[in-house]
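Please look over the sequence and the structure shown here.

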Amino acid sequence: MNRIENNIFDSKEFEQAYHTELPLGVLLTDNETEFRLWSPTASEVTLNLYADGHTSSLIVRCSMKPLTHGIWAFTIAEPLHGVYYDYSVTVDNVCRTTPDPYARAAGVNGTRSMVVNLRKTNPNGWELDKAPARPAENIIYEVHVKDFSNAVSSGVPANLRGKYLAFTQEHTTLNGESKTCLSYLKDLGVTHVQLMPVYDYGSVDEAGADTQYNWGYDPINYNVPEGSYSCDPYHGEVRIKELKSAIAALHRNGFRVIMDVVYNHTYSLDCALFKSAPWYFYRQNRDKSPSNGSACGNDVASERSMCARYIVDSVLYWAEEYHMDGFRFDLMGLLDVDLMNRIQQQLDTRFGEGEKLVFGEPWSATATAARKGTLLCQKENLKRLNPRIGAFCDATRDAVKGDLMDAHNKGAVNGGGLSATTLRSMLTGWAGNRDKFPVQGCSQSICYISAHDDWTLWDKLVYTMDAQTLNFKDCPERLLRANRLAVALYFCCQGHLFLLAGEEFARTKNGMKNSYSYSPAVNQMDWERCAQNSALVEYYRGFIALRKQLIGLCDKSELASYRIRTVQEIKPDCLTALVDNTVPPFEQANYSNRWSKLFLVFNLSQASTSVLLPSGNWELLADGANSFLWREPKLYCGSVTAAPVSALIFGKKEK
Ligand code: CA
């Protein structure tokens, strides 16, 4: 084929000629290995086989034959498990060597793909691995593999620190006393562990020192685990087995596992998606430069049919092969609505409705050059998504602690105030909102106040409440109080709950923001700080346990928002809300019907405030200091006092 004009990729003719649903990648049987690469504009494709993933160990070159619909194929009459390969693809007289975009295993740094018999990568008992039952609420804990266990204080053996296998260590402690890592998480009660990128990314040299660090939002092999978290990045099967072992351990210990996926851009154009089919997988500006709505140098063209197929295939692969229970889409606002709906529908069909969680960031860095007419998953289009596809709710985040673009901007807990109208929106997960966060219902709301991006919650509190000294290390009661009020506020919002690992122990990055490439020392979880702040951890623990018992807040149905009744500002900076917490008959088995109503008090002011309870007797379930009061609740009626900067959560028993 002659020089390809880029817009041809968007034509119906191109799609008809080259769209295929035939299997791609390596088709391995007990007798043969078939290699298939989709490369519609290539004039020549050569398969290169190697004995390893990184030296000049060429075994043979094989000239591939066009099969159909842009697929090039070559079959070898033996099973080649453990053999490494790449392709030399010639397009417009330029020959590029590339790994396989459909590679499922790779050598060090992912530059060569590896043929893998996936059965050989299963840890013991993998066939029986199963996610725990769906919890009453989804409480998602976002953690980076290296952050989790890199510190000596993690108690993880030195050779496993910062690695996948740290998640398999079930009884770690700090100095034999405080629990750390997995055993700590079990006590905390979160239901989902969200792993920051664990696909193969490019910014860390897998052959280099362990002191390197990156969050990993720079994909190079979408269907291969990252090698730097493996104990042996040189042998492609090892990282697969280790990641599966981590997932199995998380499942066994009661957690579902969510994978952070970054299909919106690649590390650079020096990658398989580009080199196997130049420009097809990427959006371009009018001047042919790569579109850059991701602010990472390129945008993937999800609206093109073979690109959409690639992304769907990849998600299903991780769900099936690695038993992933959910997917968090980075910059989902760059992906199109049709694709996301297809992903949810395919996951529902294969695994059961709602079994796999799907959510993402409903924004992008800047505008993207998508094909005309493409509906992107930006906030304004959330209404067009499957109502179970969630989105990060920046509106609640900013209302609680202040705008994240401005360090000193304040929210409800640090002196910025909160209107009854905003509180109502927050409590309903912004259901039916047309402005700030236009979701269909709380089933689409991912309610959170900290994530890996931007300042940690603690650092934001220091910037807004302790601006004179900027002492991030100490934890004065004044700030802890604001932190606890923040917990009460977002744990009373309908929607799914989400927190950055360590938020519950006042995690600090010493005021640093977007620490994606900073040292492990800045980023890693400090288990000593965790032990020091055990009282704050306990406060989170109580709210996590309480939330799971409150159907009035866990309800994800279309009618959930009607449960949020009167929301009032009863005095300056003191707000209350009444919540219908009755259990519908079909949910009786899942909720012991302890309280039919909830009464929430949020006192944002620096003064104690007296509040008149609605009629009847109310049990105090949590206050500003203790979130476990629901275990042995005391009865109250009439007037009660809310301490400065604190919440009161009351429940009323069914008659
Ligand atoms: Ca890598």
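The points below cover a helix contact and then the cavities.

This is a predicted model, in which local features need pLDDT of at least 70, side-chain atom pairs count only at pLDDT 80 or more, and totals for chains, interfaces and linings use all residues. Residues are numbered from 1 along each chain as its sequence is written, and side-chain values use heavy atoms, with hydrogens and water left out.

**Helix pair**

- Helix α6 spans residues 305–321 and helix α7 spans residues 337–351 (helices are DSSP runs of H or I, at least four residues, and strands are runs of E, at least two, numbered from the N terminus).
- The two helices α6 and α7 pack at an angle of about 35 degrees, with their axes 10 Å apart (axes are lines fitted to C-alpha atoms over the stretch in contact, and angles run from 0 to 180 degrees between N-to-C directions).
- On the α6 side the contact (heavy atoms within 4.5 Å) is made by A308, R309, I311, V312, V315, L316, A319 and E320.
- On the α7 side the contact is made by L339, R342, I343, Q346, L347, R350 and F351.
- By class, this contact has 10 nonpolar, 1 polar and 4 charged residues (Ala, Val, Leu, Ile, Met, Phe, Trp, Tyr, Cys and Pro count as nonpolar, Asp, Glu, Lys and Arg as charged, and the others, Gly among them, as polar).

**Cavities**

- There are 3 cavities of 30 Å³ or more (a cavity is a set of points on a 1 Å grid over the protein atoms alone where a 1.4 Å probe fits but cannot get out, and lining residues have an atom within 4 Å of a point).
- The largest cavity has a volume of about 70 Å³ (the space filled by probe spheres set on the points, which are joined across faces, edges and corners).
- Its lining divides into 8 nonpolar, no polar and 2 charged residues, among them W38, D100 and Y310.
- Strand β2 (33–38) gives the most to the lining of the largest cavity, with 3 residues, and α6 supplies at least two.

Terms used
1 Å grid on protein atoms, 1.4 Å probe; cavity = no way out; pocket = protein on both sides within 12 Å on 5 of 7 lines; lining within 4 Å.
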